[in-house]
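Biologist: I'm new to this one, so please show me the model, and I'll keep asking how you know what you tell me.

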Amino acid sequence: MQLYYHPDQERHAPPSFLLRGRQVASPEGPVRAELLSAGLAECGLSLVAPAASDGERLRERLLRIHTPRYLDFLETIYARWQALPDAAEIVAPNVHPCGGGHHYPRHPVGQVGWHMHDMACPMTADSFAGILASAASAEAAAEAVMAGKRYAYALCRPPGHHAGPERAGGFCFLNNSALAATVLREQHERVAILDVDLHHGNGTQDIFYARGDVWTGSLHADTTDFYPFFWGGADETGEGEGAGANLNIPLPLGSDGATFMAALERLIEAMQAFRPTALVVALGLDAHKADPLAGLVLESEDFTLVGQRLAAIEWPTVIVQEGGYPTDYLGANLAAFMRGYCQT
Ligand SMILES: [Zn+2]
């Protein structure tokens with residue numbers, strides 16, 4: 001298997017985020033890549049850096065899923081923020097257009113509120129380089145599959161599935177899974193994204209909600225009581241050309257592996273009816289019982305079953321790392337998934 005990780009990804013190292021009103025250490029940092037990489041090494045897999053990417057081509061592909069002003073914002077906001085009087089080292093919102101605003105502001109504070117959905121996406125001086133490198137890893141994995149590999153993996157961190165057309169949130173800035181699907185679309189008429197992260201992939205859903213060429217499906221802890229709160233219901237099924245091409249399966253908090261696998265089976269059945277010819281797996285590992293974001297109670301062995309089941313879908317597949325936070329189990333959970341995936 002080809003597995004990608006760009007060393008520049010560690011340049012995004014947010015020190016903290018706001019949780020229940022408290023500033024706490026961010027669980028989404030470079031240590032995740034170390035733990036995940038150690039897990040891959042356990043099963044004899046190693047990461048390679050993507051070849052130097054063509055920046056213009058990457059931007060052109062990102063523009064198929066994100067707005068131009070959002071990409072410009074991510075690239076320029078740190079410098080503009082620092083030019084404000086008394087600005088902190090970290091870019092973070094303190095105002096939001098709740099209920100939707102009427103115009104796009106020029107002021108950096110307004111733009112940060114417009115584009116940053118929550119307090120879990122702080123940016124430092126090097127963040128943009130790290131964010132772009134994460135996207136480049138997803139792009140490289142998708143290109144490997146386009147070049148004939150049956151499957152490839154991208155260790156994307158920061159993750160991406162909460163990032164919408166022009167919104168960062170939940171540690172996510174650029175939607176790496178959506179980017180992988182966008183690259184695959186250059187060869188495939190219909191592509192599917194299957195999201196098995198603990199959290200609903202609201203950004204991915206938003207990007208493709210009205211499109212009929214990319215099917216999106218997500219199983220996740222019920223968002224009535226869980227992040228991202230405002231999306232993820234079973235009644236969100238797509239609109240316009242995308243009507244029927246989005247499926248959400250919310251699971252009760254505390255659901256176990258058996259419930260998870262039954263939901264995965266339903267998702268796969270619906271996905272197959274869409275007749276895609278290529279797949280992106282948005283691979284979160286935070287459904288594990290020990291994950292600090294605590295929502296479901298999967299065991300490590302359950303990820304082997306998930307891997308086996310997904311490997312049985314014999315389409316060209318890009319596996320994109322989404323969530324899964326530092327615990328003694330994180331590396332082992334990726335290893336468990338890979339053992340299941342590569343065995344079959
Ligand atoms: Zn997650």
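Modeller: Let's start with helix H3, residues 68-82: it has 15 residues and reaches 22 Å from its first C-alpha to its last, close to the 21 Å expected at 1.5 Å a residue. The model is predicted, so local features need pLDDT of at least 70 and side-chain atom pairs 80 or more, while totals for chains, interfaces and linings use all residues. Numbering runs from 1 along each chain as its sequence is written, and side-chain values use heavy atoms, with hydrogens and water left out.

Biologist: What makes a stretch a helix, and where does the expected span come from?

Modeller: Helices are DSSP runs of H or I with at least four residues, strands are runs of E with at least two, and both are numbered from the N terminus. The expected span is 1.5 Å times one less than the number of residues.

Biologist: Where does H3 bend?

Modeller: At Thr-76, by about 55°. That's the angle between axes fitted to the seven residues ending there and the seven starting there.

Biologist: Which residues of H3 are called buried, and what do they pack against?

Modeller: Among them are Tyr-70, Phe-73 and Trp-81. Buried means under 20% relative accessible area, exposed over 50%, and partly exposed in between, with a 1.4 Å probe and protein chains only. The buried residues of H3 pack against helix H2 (55-62), helix H4 (108-115) and H5.

Biologist: What makes a set of residues a nonpolar core?

Modeller: They must be buried Ala, Val, Leu, Ile, Met, Phe, Trp, Tyr or Cys residues joined through side-chain atoms within 4.5 Å. The largest such core has 49 residues, and Met-116, Met-123, Phe-173 and Val-318 have the most contacts inside it. Helix H5 (residues 127-146) gives the most to this core, with eleven residues. A second, separate core of 48 residues includes Ala-192 and Leu-310.

Biologist: How do you know which residues coordinate the zinc ion?

Modeller: Donors are N, O and S atoms within 2.8 Å of the metal (3.2 Å for Na, K and Ca). Asp-197 (OD), His-199 (ND1) and Asp-286 (OD) are at 2.0 to 2.1 Å, so they count. Water is not among the atoms, so sites may look incomplete.

Biologist: Are Asp-197 and Asp-286 buried or exposed?

Modeller: Asp-197 has a relative accessible area of 1%, so it is buried, and Asp-286, at 0%, is buried too.

Biologist: What does UniProt place at residues 27-339?

Modeller: Its unreviewed entry gives "domain: Histone deacetylase" there. UniProt positions follow the numbering used here, feature names are shortened, and annotations may be inferred rather than shown by experiment. In the model, residues 27-339 are 38% helix and 11% strand.

Definitions and conventions
Contact means heavy atoms within 4.5 Å.
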